[in-house]
There are 2 protein chains.
Amino acid sequence: MTSCHRGAKGLSRAERVAIFGGSHGNEMSGVTLVKLWLENGVEIRRRGVEVTPFIANPRAVETCTRYIDSDLNRAFTTENLRAPHCEDLPYEVRRAQEINQIFGPKGSQDAYDVIFDLHNTTSNMGGTVILESTQDDFNLQMVHYIQSAIAPASCSVLVNDHPVLKYATTRSVAKHALGLEVGPQPQGVVRGDILEIMRKILKHALDFIELFNGGMEFPPCTVDVYRVSERVDYPRDECGNISGLVHPDLQDRDWEPLNPGEPIFQMFDGRTMLYEGDSTVYPTFINEAAYYEKRQAFVTTRKDQLESSKELLHQTSINRRL
Amino acid sequence: MTSCHRGAKGLSRAERVAIFGGSHGNEMSGVTLVKLWLENGVEIRRRGVEVTPFIANPRAVETCTRYIDSDLNRAFTTENLRAPHCEDLPYEVRRAQEINQIFGPKGSQDAYDVIFDLHNTTSNMGGTVILESTQDDFNLQMVHYIQSAIAPASCSVLVNDHPVLKYATTRSVAKHALGLEVGPQPQGVVRGDILEIMRKILKHALDFIELFNGGMEFPPCTVDVYRVSERVDYPRDECGNISGLVHPDLQDRDWEPLNPGEPIFQMFDGRTMLYEGDSTVYPTFINEAAYYEKRQAFVTTRKDQLESSKELLHQTSINRRL
Ligand SMILES: [Zn+2]
Ligand SMILES: [Zn+2]
């Protein structure tokens, strides 16, 4: 999708940027920040870019639940976006169509350049940027910039381009889609420390866009990422009921190596279930509240390095150079 | 209420005991433990006592929400329990009536002797027993026993007999009402460490009942408790919207002293709000997710010492002695 904007001439400026809070209505850092910025946007103003804060699922925010009828952050499938209007469409499908109309259409030249989608997790993931592609030089340079700017604090990069586990996110409407996932924070709670991490990542992200639009050139870079590998469900009995919990040795150890033979579940009958993979993985989204219903205790990831294909500069800068 | 069972002859045995999980459907330690014990109750079996595990709000458990129509753990008012049956009674009022019928009637001789009501909080409260009265020798001896048995781990005792802030709990149906409140744990999540704390407190509580019923005599005792003093709301703007968050210096500091002049809220406009009370208090339920809707950022408590009025022994033992 980005390939048509790229090539010898570089990328266009990222002139239209949106910040989504409340894609999940009970993830309070994004809800809180977007509400603040809707009242006073000074903090997110940058030269040469229009930044739009936006509450993605206002009804879910109002009731402080993840969603009303179905998960908005899974709703942006072609099928949903093309579904004919009718009374009994789930609320989030109708909302996805509205969002697609305002910020898309998804996959088109008219779509917004960048959407930051702000999420919280109950998992101990710290500050994380989620990317949906290994091929997006703009995003790679952005996370590289964020990681340098935020040091010595860290910002993990999770890439979900998994053929099965990738899903149709709210942010996927934009040309460049970025999820910000910060935890641990319970649903329905605003924690100051977690809010600050999200705020800082976003600050550096917007700074990057301003610099890029202003003509700064970014040399080729390499980014350490975690790539989604496998979904691991809770252990279950023959009726499908959960029969064990995340092992205390694994709880809160997001991004730490998990080796074959190490404990992953404490069974209610006292047994310990061990990891049976054949090599070291890096679990994340460990014991995320919202993923019980998705039958996911954690996802495993594998470490990878992504390289931007070349230096990043935008069209105008190239023209100036010629 | 307990006074009629007491007197020179001591207390009756505590022969009927119930353990409630899921009074709030998204507080998963109690839900998990009660479901386990409904399948296999060996762990909670004790000589001379019938222990009944019970899911208090099954519909809320099914949807993993706090409640369906209204908070079950506020529903046990005389008015609700006497409300005539009709179609549009909130689900939790109907459920309160059912529970009152099975385990009560509240305030009567027929009521269960003891109800343990299992709760989780997103606050960093650790293992806590909540009492509703300063006058219940049986409960005081029980928490004294638990605190000794669980050491060096600690089990805080919160007493809510506040004229305004006390509410009509699910457990209030029993002659002896005890809330077990363990945190921090996000709603909808089962953490192994939190589950273990709850399990241990309950184990010792049941051991105590077995010993008491078996005739053990308990000498007079003193218990350090925290008594509910004041509810503190989030700061709000003129429209009633929350205008600041729990200050990072206060977050997670449940039970620690808060002195006048120390920070309590970080305002979104950058200011810090200080505690303006006139003496040291001990905040708890700090930043509990479920209390945003109740306009409560935390409650303050004051330290107190409660003394059991005399040694505790049950009727039969006294008769044996005479
Ligand atoms: Zn989310
Ligand atoms: Zn509760």
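Which side chain does A:Lys294 meet in a salt bridge? The partner is A:Asp71, with N and O 2.9 Å apart; a salt bridge here is a side-chain nitrogen of Lys or Arg within 4 Å of a carboxyl oxygen of Asp or Glu. The model is a predicted one, in which local features need pLDDT of at least 70 and side-chain atom pairs count only at pLDDT 80 or more, while totals for chains, interfaces and linings use all residues. Residues are numbered from 1 along each chain as its sequence is written, chains are lettered from A and ligands numbered from 1 in the order in which they are written, and side-chain values use heavy atoms, with hydrogens and water left out.

Chain A divides into domain 1 (9-225 + 307-316) and domain 2 (232-299), the bounds coming from an automatic or database domain assignment. The C-alpha centres of domain 1 and domain 2 of chain A are 28 Å apart. In chain A, 17 residues of domain 1 are in contact with 13 residues of domain 2, where contact means heavy atoms within 4.5 Å. About 1200 Å² is buried between domain 1 and domain 2 of chain A, 49% of it on carbon and sulfur atoms; buried area is the accessible area (1.4 Å probe) that two parts lose on being put together, summed over both. On the domain 1 side of chain A, A:Thr122, A:Asn124 and A:Met125 supply 34% of the area buried against domain 2, more than any other three residues. The rule finds one salt bridge across this interface of domain 1 and domain 2 of chain A.

Turning to the two chains, the contact takes 18 residues from chain B and 18 residues from chain A. Between them, chain B and chain A bury about 1800 Å², with 61% of it on carbon and sulfur atoms. Two salt bridges are found by the rule across the interface of chain B and chain A. A:Asp252 and B:Arg191 form a salt bridge, their closest N and O atoms being 2.7 Å apart.

A pair of aromatic rings is described by the distance of the centres and the angle of the planes. Over all chains the structure holds 30 aromatic pairs, counted for rings of Phe, Tyr and Trp (its six-membered ring) whose centres lie within 6.5 Å, with planes under 30 degrees apart taken as stacked, over 60 as edge-to-face and the rest as tilted. A:Phe20 and A:Phe54 form a tilted pair, 5.2 Å centre to centre and with 45 degrees between the planes. A:Phe20 belongs to strand S1 (residues 16-21) of chain A and A:Phe54 to strand S2 (residues 50-55) of chain A, so the pair ties together parts that are 34 residues apart in sequence. Helices (H or I, at least four residues) and strands (E, at least two) are DSSP runs, numbered from the N terminus. Both A:Phe20 and A:Phe54 are buried, that is, under 20% relative accessible area, as against exposed at over 50% and partly exposed in between (1.4 Å probe, protein chains only).

The rings of A:Phe138 and A:Phe212 have centres 5.3 Å apart and planes at 75 degrees, so this pair is edge-to-face. Distant parts of the chain are linked by this pair, with A:Phe138 in helix H5 (residues 137-150) and A:Phe212 in helix H6 (residues 192-213) of chain A, 74 residues apart.

Finally, some backbone details of chain A. A cis peptide bond, with omega about 10 degrees, joins A:Ala151 and A:Pro152, and A:Pro152 is found in the loop between H5 and strand S5 (156-159) of chain A. The bond from A:Gly183 to A:Pro184 is also cis, with omega near 10 degrees. A:Cys64 has a positive phi near 55 degrees and, at 35% relative accessibility, counts as partly exposed.
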